[in-house]
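I set out to record what can be looked up in this structure, beginning with the whole chain and ending with the places where its parts meet.

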Amino acid sequence: MSELTGVLAVYKPAGFTSHDVVAKARRILGMKRIGHTGTLDPQVTGVLPLCLGRATRVVEYIQELPKEYVATLRLGLSSDTEDLTGTITETVDEVHVTEAEVLTVLKSFQGVISQVPPMYSAVKVDGKRLYELAREGKTVERKSREVEIYEIEMTGMVWNGNHPDVTFRVLCSKGTYIRTLCVDIGRALGLPGVMVKLERTMSAGISASHCLTLEQIAEHKEAGTLEAHLIAADEAISHLPRHTVMDEKKKAALQGQRLSIRHVAPEVQHNGHFRLYDEQGGFLGIYVLEETGAIAPVKVFAQA
């Protein structure tokens, strides 16, 4: 039996790390070559695309795509981890804030913003992960980084005693920390803030409604119907432009030879990566236009 290849959309349950999900999938599928496309904290649920077999070679391209979340922020509390898994460090007994004020502040976060990675994160400083330093009781200076919030909207606001819980949907770029976004929204309102719930509702263009649970994956594996639920590697990176190479140059392209752009249609006019197909629609691999004007392979998927 040939190895499964493609992208499997998993709905990650709470209490599992992304690594746990990969380990569980390896046991269910009986295969080692599985990679995930973006870490989710254990308490976070939602879309976790897994790349199986040769599709692990497109992980880096999938990771670059925007992600969508639904988050709940509680105003009036803060913690050392920026969510409820940590120790509460500040409490405001009574919060005075209106829905209109929250809406205005949320809107102000749309666009390119600057974030300081939280201490409890996997970012490395001097070779050590921040969460390792945080567990040692250390706090170090972190460089801010730019991320982009494409869309942000409030979906609800309810009072939990004296503290309002604000739920919002956000579509953002890779590398955005939603915990930190919650803290920064609170700060902009003049209040401490903490993330109380988070679900990733879309990743790599895959919505939560198209995901399978680990139990469903096991059922499909048993029934021999799992392959029908896989997304082809080239379909998963459909954000990359599509080009076709002439049949007489297909073999040369697969052998890693550089080709003139006149052998490819439509004409390649950008320097980024693109998907290359043969005239029958077969996916050959990921290629790039070099400064010399030739196209060169980055990752070849078909065989010469």
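**Burial and overall form**

I first looked up burial: of the 304 residues of the protein chain, 48% count as buried. I note that the model is predicted.

I then looked up the secondary structure and found 8 helices and 19 strands in the protein chain. For the dimensions, I recorded that the C-alpha atoms fill a box of roughly 75 × 50 × 40 Å along the principal axes.

I turned to contacts between residues at least 6 apart in sequence, and 66% of these join residues at least 24 apart.

**Surface and charge**

I looked up the accessible surface of the protein chain, which comes to about 15,300 Å². Carbon and sulfur atoms account for 48% of this surface.

I next recorded the charged side chains, of which 34 are positive and 38 are negative. The centres of these two sets lie 8 Å apart.

**Domains**

How is the protein chain divided into domains? I noted domain 1 as 6–65 + 205–235, domain 2 as 67–203 and domain 3 as 241–300.

I looked up the separation of domain 1 and domain 3, and their centres, taken over C-alpha atoms, are 29 Å apart. The contact between them takes 6 residues from domain 1 and 8 residues from domain 3.

Which area do domain 1 and domain 3 bury between them? I recorded about 610 Å², with 50% of it on carbon and sulfur atoms. On the side of domain 1, Arg 57, Tyr 61 and Asp 234 lose the most area to domain 3. Together, these residues make up 83% of what that side buries.

Key
Residues numbered from 1 in each chain as written. Predicted model: local features only at pLDDT ≥ 70, side-chain atom pairs only at ≥ 80, totals over all residues. Heavy atoms only, no water. Helix = DSSP H or I, 4+ residues; strand = E, 2+ residues; numbered from the N terminus. Buried < 20%, exposed > 50% of the residue type's maximum accessible area, 1.4 Å probe, protein only. Contact = heavy atoms within 4.5 Å. Areas by Shrake-Rupley, 256 points an atom, 1.4 Å probe, with all protein chains shown as cover. Lys, Arg positive; Asp, Glu negative; His and termini not counted. Charge placed at Lys NZ, Arg CZ, Asp CG, Glu CD. Domains from an automatic or database assignment. Buried area = accessible area lost by both parts, 1.4 Å probe.
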